[in-house]
Amino acid sequence: QVQLIESGGRLVQAGGSLRLSCAASGRTFGNYPMAWFRQAPGKNRETVATLSRSGGTSYYANSVKGRFTISRDNALNTMYLQTNSLRPEDTAVYYCAARIGRSSLNEINYLGKDDYDRWGQGTQVTVSS
């Protein structure tokens with residue numbers, strides 16, 4: 001019943017910013033854990049940021065700490081990834097994900113891609129030097 005729709009990815013120069021959006025239908029991210037992942041060609045899909053079921057705790061990969069912010073708007077059933085001070089190594093396809101089909105604790109950050117069962121289509125972020 002849930003579908004995730006991403007937007008916001010594009011070409012941007014190093015040092016710039018992007019705001020990625022992931023809109024959910026059927027279920028609200030306010031009641032489920034959610035996360036952003038990214039995958040560059042030839043590399044594994046890696047965790048970028050996660051938000052707990054309650055929204056009270058978050059996790060960031062060391063490579064993006066201080067630059068990226070994960071958030072959600074409950075009224076719009078939308079989560080966001082604000083990306084600042086972008087670097088060429090941030091270039092990747094970015095995916096949003098939600099944990100829907102399994103029970104979740106309110107304050108746990110689920111860090112692995114196998115923890116999630118609903119995925120967006122991915123949006124390309126390209127950072128030029």
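Hi everyone, let's begin with one serine: S52 sits in the loop between β5 and β6 (58–60). Strands here are DSSP runs of E, at least two residues long, numbered from the N terminus. Before going on, please keep in mind that this is a predicted model, where local features need pLDDT of at least 70 and side-chain atom pairs count only at pLDDT 80 or more, while totals for chains, interfaces and linings use all residues. Residues are numbered from 1 along each chain as its sequence is written, and side-chain values use heavy atoms, with hydrogens and water left out.

So is S52 buried or exposed? S52 counts as buried because its relative accessibility is 0%; buried means under 20% relative accessible area, exposed over 50%, and partly exposed in between, with a 1.4 Å probe and protein chains only. A polar atom of the S52 side chain lies 3.4 Å from the backbone nitrogen of G56. Leaving aside neighbours within four places in sequence, S52 is in contact (heavy atoms within 4.5 Å) with residues including Y32, R72 and N109.

Now to the core. The largest nonpolar core has 28 residues, and L4, W36, V48, F68, I70, L81 and Y94 touch the most other members. By nonpolar core I mean a set of buried Ala, Val, Leu, Ile, Met, Phe, Trp, Tyr and Cys residues joined through side-chain atoms within 4.5 Å. Among the elements giving two or more residues to this core are β3 (18–25), β4 (34–39) and β9 (92–98). Apart from it lies another core of five residues, and F37, A97, Y110 and Y116 are among them.

How many aromatic pairs does a search of the whole structure find? The search finds two, counting rings of Phe, Tyr and Trp (its six-membered ring) with centres within 6.5 Å; planes under 30 degrees apart are stacked, over 60 edge-to-face, and the rest tilted. F37 and Y116 have ring centres 5.7 Å apart and planes at 75°, so they are edge-to-face. F37 lies in strand β4 and Y116 in the loop between β9 and β10 (118–119), so this pair ties together parts 79 residues apart in sequence. F37 is buried, at 0% relative accessible area.

The other pair, F37 with W119, is tilted: 5.0 Å centre to centre, with 50° between the planes. W119 lies in strand β10, so this pair links parts 82 residues apart in sequence. W119 is partly exposed, at 28%. Together, ring pairs link F37, Y116 and W119 into a cluster.

How values were computed
Helices (H or I, at least four residues) and strands (E, at least two) are DSSP runs, numbered from the N terminus. A polar contact is a pair of N or O atoms within 3.5 Å; within protein, one must be able to donate a hydrogen and the other to accept it, and residues adjacent in sequence count only if both atoms are side-chain atoms.
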